[in-house]
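Trainee: I am new to this structure and would like a close look at one part of it, the pairing of charged side chains. Could you take me through that slowly, and then place it in its surroundings?

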Amino acid sequence: MRITFRLIVSLVVAVAGVAALFARFQVIEERTRLETEMDRRALLLCESLQDNVESLLARGSSPALGRLVEKFSNRERVKGTAVYGADGSVLAVSKALSEPLKERPHGVKDLPTKPSGTFEMLAGVRMHVFGHPLGDPENNKGVILLVQEAAHIPAHLNNIWKRAFLRVLIQMALITLITLLVVRWSVQGPIARMADWMKRLRAGEDLSNLSVPKEDALSPIAREVSTFAQHLNRARTAAEEEARLRHQSEALWTPEKLKEVMKNRLQGKPLIVVSNREPYMHLHRGRKIECIIPAGGLVAALDPVLRATDGLWIAHGSGDADWDVVDDKNRIRVPPEDPHYTLKRVALTEEEENGYYFGFSNEGLWPLCHIAHARPIFRPSDWEQYTAVNAKFAANVLEEIEGMTEPLVLLQDYHFALLPRLIKDKRPDARIGLFWHIPWTNPEAFGICPWQKEILYGMLGADLIGFHTQFHANNFLDTVDRTLECRIEWERFTINKGGHSTLVKPFPISVDFPSETKKGAPVPGKEELLKELGVKAEFLAVGVDRVDYTKGILERFRAVERFLEKYPDYQGRFTLVQLGAPSRTHIKRYADFLAEVDQEADRINLKFKAKSWKAIVFLKRHHNPAEIRPFYKRADVCLVTSLHDGMNLVAKEFVVARDDSDGVLILSRFAGASRELRDALLINPYDVEQTADAIYTGLNLDPADRRERMRRMRENVRENNIYRWAGNLVLELAQVSTSQEGPRG
């Protein structure tokens with residue numbers, strides 16, 4: 001209340017001061033205007049009288065002059081008129097002025113040589129006295145004196161002051177009322193709600209659906225309070241979860257456990273992560289800059305580690321506003337609302353990005369490693385850009401780790417096959433890990449690459465190389481064994497090359513498994529979900545993929561076609577909703593494939609044409625997790641038909657979403673997830689007949705069997721979540737030896 005009083009008083013004083021200042025200026029201007037107007041009126045009257053007075057003076061007719069003066073005085077606000085001779089004697093005067101003009105006014109004590117007026121007190125009354133000379137300056141015959149009443153001027157000026165005072169009073173009342181309302185609605189109310197919100201938070205209530213006030217004045221506090229509340233909620237949830245797990249003698253990995261383990265094991269040593277995709281991207285949204293988190297599990301996994309270690313993430317800056325927010329070393333602290341580590345952005349030219357990323361990485365290594373019957377394209381120009389970009393990233397890493405002792409550097413994926421060697425050659429003491437997120441093909445297939453030796457030699461600069469499965473790790477060991485001169489210790493999965501040892505191990509990546517206390521927003525039912533798509537169906541299948549030729553989307557569509565042919569009772573009752581995010585569309589192979597998928601969906605829908613039903617609904621756009629979740633939760637079947645995949649997290653996302661322990665996962669045995677999710681219906685996606693039968697089996701599976709299968713898969717994903725993957729990977733890297741051992745290869 002004291003603040004409100006001070007605010008009101010300050011506003012009132014300011015408004016009153018401004019009003020008084022403007023009123024004073026108005027009074028001065030009005031006084032000048034009125035006085036000038038009186039001078040002008042007096043001049044006109046005197047000039048209209050002058051000729052007659054001079055004529056009568058010339059004839060010496062005093063009585064006529066007196067009558068003229070008396071007659072002329074009968075005008076508005078004219079008190080009277082007098083005529084003085086050249087010697088200053090009174091020649092004629094109005095009766096009304098005979099008493100006030102006993103003494104000659106100042107205006108005619110010395111006969112004026114030009115018309116002029118003054119304001120004087122005559123007989124106690126303020127008058128305007130105007131003197132107008134007769135004759136010419138060289139032959140002065142006297143003066144006409146015109147006296148006007150001037151009392152209306154101060155009265156008018158007083159009215160101006162009164163009106164200004166009344167305006168100030170009204171403004172003060174309005175200011176007080178508006179200030180009280182604004183303070184109550186925008187300050188006191190939100191503060192009271194925020195206090196109540198914090199009180200309920202402290203009491204342990206679930207406030208997940210309650211938002212803090214968003215008023216501009218309180219937005220900085222609201223953001224900090226919201227962040228604090230999130231931390232408090234996470235800490236409380238983690239503590240409750242840990243207590244539950246201790247009671248069950250389990251050890252579930254959580255973000256909090258990951259942070260704590262990293263702090264204890266790394267002992268304050270920062271972790272440097274290098275990836276092509278950045279964890280936070282800045283984009284222009286009109287006149288504002290918005291920060292978004294690109295889709296992908298990598299951020300969810302490594303963000304807690306970097307927060308715990310105050311680490312550094314180096315990545316390609318691809319947002320159109322990325323360079324507007326960094327410092328002179330291209331760094332920015334992230335996350336924006338709660339900075340805990342540093343993001344360093346590396347700038348790439350369009351030529352570098354086309355050659356290194358779209359060219360060599362995605363037209364060369366991607367199809368080569370996936371064995372998906374798309375011919376790899378290897379251009380010398382792309383290899384040059386790939387080499388140059390790896391060198392550019394190496395320079396940035398070396399700059400950042402200068403002065404650090406045994407820094408931990410974790411490199412991500414096939415974009416940086418040369419980077420481990422480039423760093424290790426300059427910093428032998430660095431602990432370098434490389435995680436390969438895509439499959440590793442067999443030695444014969446990898447031999448297609450013209451630069452296979454350079455790639456393998458570059459990768460073996462790492463102290464630790466991780467793959468999703470032991471099968472991929474074995475393929476890598478076989479490839480190295482057949483390509484390079486080295487010594488492989490198969491029992492330890494170690495490669496010794498040039499006096500340096502590289503450990504090769506599987507680290508199956510996963511997804512976050514929400515706590516049992518963390519319930520998502522309710523989702524629409526199956527019927528409502530399909531109605532929004534303009535489809536009526538009894539059974540719903542879902543596929544979620546980037547539109548990539550490795551995902552088996554065409555094979556999936558043909559399996560749905562065969563299923564409807566083989567089991568015609570499901571025509572009009574079964575629909576596949578394919579959520580397809582267009583990917584790398586300016587690579588011709590991807591653009592062609594997108595068109596091919598679109599045409600195949602149209603062909604099958606035309607074959608089973610019906611008024612309010614479609615066999616396949618193909619939604620060609622990017623979908624965020626909130627949009628995908630209802631389809632996961634309401635689908636009877638989820639189809640993951642990858643022709644070759646390192647892991648495929650869609651399978652695990654579907655399992656996590658099914659907190660009702662229902663639904664059937666049909667999973668390609670060529671996806672890494674099939675090694676863990678054994679209770680899925682495993683299929684060969686190339687076998688359309690087998691996949692069609694799997695759809696039928698999944699729709700008719702015994703409910704008890706179906707729920708038990710899902711329960712076991714959920715338990716597997718819960719125990720082997722994304723935080724376990726990150727923890728195991730970083731801990732293994734921290735323990736690996738960097739000593740130079742073994743004979744040089």
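Mentor: Let us begin with a term that the first example needs: a helix here is a DSSP run of H or I with at least four residues, a strand is a run of E with at least two, and both are numbered from the N terminus. Please keep in mind throughout that this is a predicted model. By that count the protein has 22 helices and 23 strands, and of its 745 residues 50% count as buried.

Side chains of opposite charge can pair when their charged atoms come close.

Arginine 33 forms a salt bridge with glutamate 37, and the closest N and O atoms of the two are 3.2 Å apart. Because they are four residues apart in helix α1, arginine 33 and glutamate 37 are separated by about one helical turn. Arginine 33 is partly exposed at a relative accessible area of 40%, and glutamate 37 also counts as partly exposed, at 37%. Helix α1, residues 2–59, is also the place of leucine 21, which counts as partly exposed at 46% relative accessibility. Leu21 belongs to a nonpolar patch on the surface, formed together with Val18, Phe22, Phe25 and Ile28, and the accessible area of these residues together is about 490 Å².

Lysine 392 and glutamate 352 form a salt bridge whose closest N and O atoms are 3.0 Å apart. This pair links distant parts of the chain, since lysine 392 is in helix α10 and glutamate 352 is in helix α9 (residues 350–370), 40 residues apart. Lysine 392 is partly exposed, with a relative accessible area of 26%, whereas glutamate 352 counts as buried at 12%, because the cut-off for buried is under 20%. Helix α10, residues 380–401, also takes part in packing: it is one of the elements against which the buried residues of α11 pack, and others include β6 (271–275) and β17 (500–506). Those buried residues of helix α11 (residues 419–426) are Leu419, Pro420, Arg421, Ile423 and Lys424.

The side chains of lysine 620 and aspartate 598 meet in a salt bridge at 2.5 Å, N to O. Lysine 620 lies in strand β20 and aspartate 598 in helix α17 (residues 588–607), so the pair ties together parts that are 22 residues apart in sequence. Lysine 620 is partly exposed with a relative accessible area of 40%, and aspartate 598 counts as partly exposed at 21%.

The strand that carries lysine 620 leads us to a sheet. This is an open sheet of six strands in the order β20-β19-β18-β21-β22-β23, and the pairing is parallel. Its edge strands, each pairing on one side only, are β20 (616–620) and β23 (681–683). On average, neighbouring strands of this sheet are turned by 20 degrees against each other, with direction ignored. At the end with β23, strand β22 (residues 664–668) pairs with it in the parallel sense over three bridges, and leucine 667 stands opposite leucine 682 in β23.

Helix α16 (residues 553–566) lies across β18, β19, β20 and β21, and runs at about 170 degrees to β19. Helix α19 (residues 649–657) lies across β18, β21 and β22, and its angle to β22 is about 170 degrees.

A network of salt bridges links Arg558, Glu561, Arg562, Glu565, Lys566, Glu600, Arg603, Lys607, Glu689 and Asp693.

Among the contacts in the protein with a separation of 6 or more, residues 24 or more positions apart account for 71%. The accessible surface of the protein comes to about 35700 Å², and 53% of it belongs to carbon and sulfur atoms.

Methods:
Residues numbered from 1 in each chain as written. Predicted model: local features only at pLDDT ≥ 70, side-chain atom pairs only at ≥ 80, totals over all residues. Heavy atoms only, no water. Patch = residues over 30% accessible without salt bridge, like charges linked within 9 Å, V, L, I, M, F, W, Y side chains within 5 Å. Areas by Shrake-Rupley, 256 points an atom, 1.4 Å probe, with all protein chains shown as cover. Salt bridge = Lys/Arg side-chain N within 4 Å of Asp/Glu carboxyl O. Buried < 20%, exposed > 50% of the residue type's maximum accessible area, 1.4 Å probe, protein only. Contact = heavy atoms within 4.5 Å. Pairing = 2+ DSSP bridges. Axes fitted to C-alpha atoms, helices over the stretch in contact; angles between N-to-C directions.
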